[in-house]
Amino acid sequence: MRNVQRERRVLRSVVAAATATALGVPAALVAAAGPAAAAPATAQAAAPAAAEETFDALVFSKTAGFRHGSIPVGIEAITQLGAAHDFTVTATEDASVFSDEGLAGYEVVVFLSTTGDVLDAGQQEAFERYIQGGGGYAGIHAASDTEYDWPWYGDLVGAYFSSHPQNQDATIKVEDHDHVSTAHLPQRWDRHDEWYNFRTNPRDQVHVLASLDETSYSAGTGAMGAEHPIAWCQDYDGGRSWYTGGGHTDASYAEPEFLEHLLGGLRTAAGVVDSDCAATQSDSYEMVPLDEDTANPMMLDVAPDGTVFYVERDGRVQVIDPGTNTTSTAVTLSVTQSNEDGLTGVVLDPDFATNGWIYLFWSPEDVGDDGPHNRVSRFDYDAAAGTIDPATEETVLVIPTQRQTCCHAGGDMVFDGDGNLYVATGDNTNPFESQGYAPLDERAGRANYDSQRTSANSNDLRGKVLRITPQDDGSYTVPEGNMFAPGTADTLPEIYAMGFRNPFRIGVDPATGNVLVADYGPDAGSASPTRGPAGTVEWNVVSEPGFYGWPYCTGANNAYVDYDFATGQSGAAFDCAGGPVNDSPNNTGISQLPAAVEAEVWYGYGTNPLFPEIGGGGAPMGGPVYSYDPELESDVKWPAYWDGKALFGEWNQGRMYSFQLAGEQRDDLVDINRVLPGIFDPATGFDRPMDFDFGPDGALYVVDWGSGFGGNNDSSGVYKVNYVKGDPAPIAQASADVTDGLAPLTVQFSSEGTRHPAGEPLTLQWTFGDGSEPTTEAHPTHTYTENGRYTAQLVATDPAGQTGVANVTVVVGNIAPEVSISFPDNGGFFEWGDQVRYEIAVDDPDGEVTCADVSLFTSLGHDSHAHPFDELTGCEGVIQTARDEGHGIESNIFWVIEAFYTDDGGAAGAR
């Protein structure tokens, strides 16, 4: 054990006072070595904790460039912190201490506003060895204005200084409230200092603790914009690094909050207090494939035992076994896939572990006596059999719809902590003949082009967030506090919030019960004085029932104009603040609506300057708020940094963001940041976030839609994103050169890509699913002699016995058919509203082609997404294109045709 019986105020010096004076150290520094030196009045504001672990800190303040006048005040403040918190401080400007022997006695080396080249080559090498041996570094202010020709140091400090404006007040957005150096700070920290701009943005290379809000001050030349880190930390080259850009002014060292910030940085850099400096870095996470044999994966949920349920739009409920990583089909529902319909939603009952109830949002092909509708149904899942019996269906909620034309079905569902089920529904309105503005067509026979009949209709379930409480018998009750009390004339009590266009993905904040709603917007490329605002998408914090604008208001309550589709004349703008009046002949609800509620975040295809972190995109995907559980035993749970942050996806971008929320109701947006840019980005192989949620193990589960327009993408999949800075398991990757063919079929398997995140050695074992002996070869060859469907499995095991599993499905006795579209040509031309002939050719090498089994799906493509329209059958026929007036002339729009054929399974019996 260390000897902690020492003076409570200690300042050691490795050079004599006379030598210090000769080096040009200010007299205040020399005087600080004496026992009678006065301490800053607030230097002991950071009260000591019981039994704090002691350490030794070397404060190095040599300058070869500009010299900051605050250096002696900073040394004295650090000295007083040491006296108050039982650590020893040594101050020096003698670089000769940078030797193996000289650094050996210190847990942390502090660069206090150093500038220029302060170490020679030998001293640099010694410092590198010190860090590589587990030492700590803390950089204060001008430490980033140091050693520009030493790349290793640049990586250690995190970023080099570029410029700064004059000293001024600014607001710091504190991002990490778990790290001890920022845990005490408010969400927005206002203070006066000299604010550095940096040559590069270090985010994702370091863990950012706090960043500057450049809208709160003048950043001057070299302004970094929305991404301006100002304090960060990292694990670097075997050691620890912490940096703060504050500390230019003398007054900084008299601020209690800054002193506690500094103390926390010193203690974590010294290694005496645990800190997570990897929480936001992409390299700290692994994306593990769970199922990449997907077609149109829509939504997922995770059971308490880790079983993953996800739904395919064609009606299949897929189940991924967490032990074997194999996928099976629990049930296939008969659905229509026209106009964005299908099986689109899934959520497990809060007591799923006991009752096995699973809720599905789907579009039944057989509408029965209800007419066209979407339906929320409850089914029983048989865990032993891995199946769902369709006979167990309980119809919970019927949502009448029209199926004559596209679009917007919604379909997301989520439970809150009180057992209430939220259901998101779209406006079920064609948006393509409104020039990209609000569809308000009140002409006779045009009801399906009038969103006032749904989103703005208090007597319709579409364009809403609904809230119900499912009961054990399959019925539901309506909880108190919805938008309309039961029995209110011309209203439906299930409505919690209204005025949405297509709230495709929602989440619930477990701390507040707020519903986080991402809502898609129309496609107008620019605002029009006669029609209204440009296309705008939203993210809303729905903390109470209300009217959220559509189709009258959007974004910051920007109003659409009351446009007459019959005459082409424009009336007045709708009254968002006073409450719009719905006088459409298609409205069956109340006419006077409440005042519209502004969105928290809004943007379009271009960047909204208020939210520059996101940029443009136009495809918002709401998600969960992370709730960190310190008691949860999991090696893959996301760290405490993410606690209380809401996740958000931008589908068109293929990126994800975090929204930092504050306030008693957690509805005050403080900051927006990219989430793991080294994982969630098309450049890294991730295409589009379709759904994402945290599982019971604290890992993030994600559906990637893939790269194609209308679905059925080879690059789609279901994944799990693990935090691997704990005790990670192996990551198994399995592939094969051929996965179907006639017997005997010889397959070359590969384990390329299999690894351990911590570099541990692995033992591999392959089994082939046909009863043959397993092998420990890394890349075995195996011959299948019997027809059938086989699962070859690779298991990677580390020395601790943890495993990673990957599977390859091989079909023997059947060759996959090839489908091609003979006509029209890819890239051909047509006029909107044309009928276009199509011809499909199918080559099935080992079977007869039945044209009745050929399916064709059409959709309207726009940039990187598509709106599904028709579902047709047959090898030839005619498709009807839409009359598109919903996109501007500058838009990249086109018609998409996708053809599919499923054979009879051949001799394998597997299709």
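The tour goes to the disulfides and then to a sheet.

Before you click, know that this is a predicted model, in which local features need pLDDT of at least 70, side-chain atom pairs count only at pLDDT 80 or more, and totals for chains, interfaces and linings use all residues. Residues are numbered from 1 along each chain as its sequence is written, and side-chain values use heavy atoms, with hydrogens and water left out.

**Stop 1: the cysteines.** How many disulfides does the structure hold? There are four, where a disulfide means a pair of cysteine sulfur atoms within 2.5 Å. Count the bonded cysteines along the protein chain and the pattern reads 1-2, 3-4, 5-6, 7-8.

**Stop 2: Cys 233 and Cys 277.** Select this pair and you'll find the sulfur atoms 2.1 Å apart. Cys 233 sits in strand E11 (residues 229-236), while Cys 277 is in the loop between helix H7 (256-270) and strand E13 (285-291), so the bond ties together parts that are 44 residues apart in sequence. Helices (H or I, at least four residues) and strands (E, at least two) are DSSP runs, numbered from the N terminus. The S-S torsion of Cys 233 and Cys 277 is about -105°, so this disulfide is left-handed. Cys 233 is buried at 1% relative accessible area, and Cys 277 is buried at 4%. Buried means under 20%, exposed over 50%, and partly exposed in between (1.4 Å probe, protein chains only).

**Stop 3: Cys 406 and Cys 407.** Here the S to S distance is 1.5 Å. The link of Cys 406 and Cys 407 is right-handed, with 95° about the S-S bond. Cys 406 has a relative accessible area of 0%.

**Stop 4: Cys 851 and Cys 875.** The sulfur atoms of this disulfide are 2.0 Å apart. Cys 851 is in the loop between E52 and strand E53 (854-862), and Cys 875 is in the loop between strand E54 (865-873) and E55, 24 residues apart. Buried or partly exposed? Cys 851 is partly exposed at 35%, whereas Cys 875 is buried at 13%.

**Stop 5: the sheet.** Now select E51, E52 and E55: in that order they form an open, antiparallel sheet. Two strands pair if DSSP finds at least two bridges between them. E51 (818-823) and E55 (876-880) are the edge strands, each pairing on one side only. Zoom in on E51 and E52 (residues 835-843), which pair over five bridges. Finish at Ile 821, which stands opposite Ile 840 in E52.
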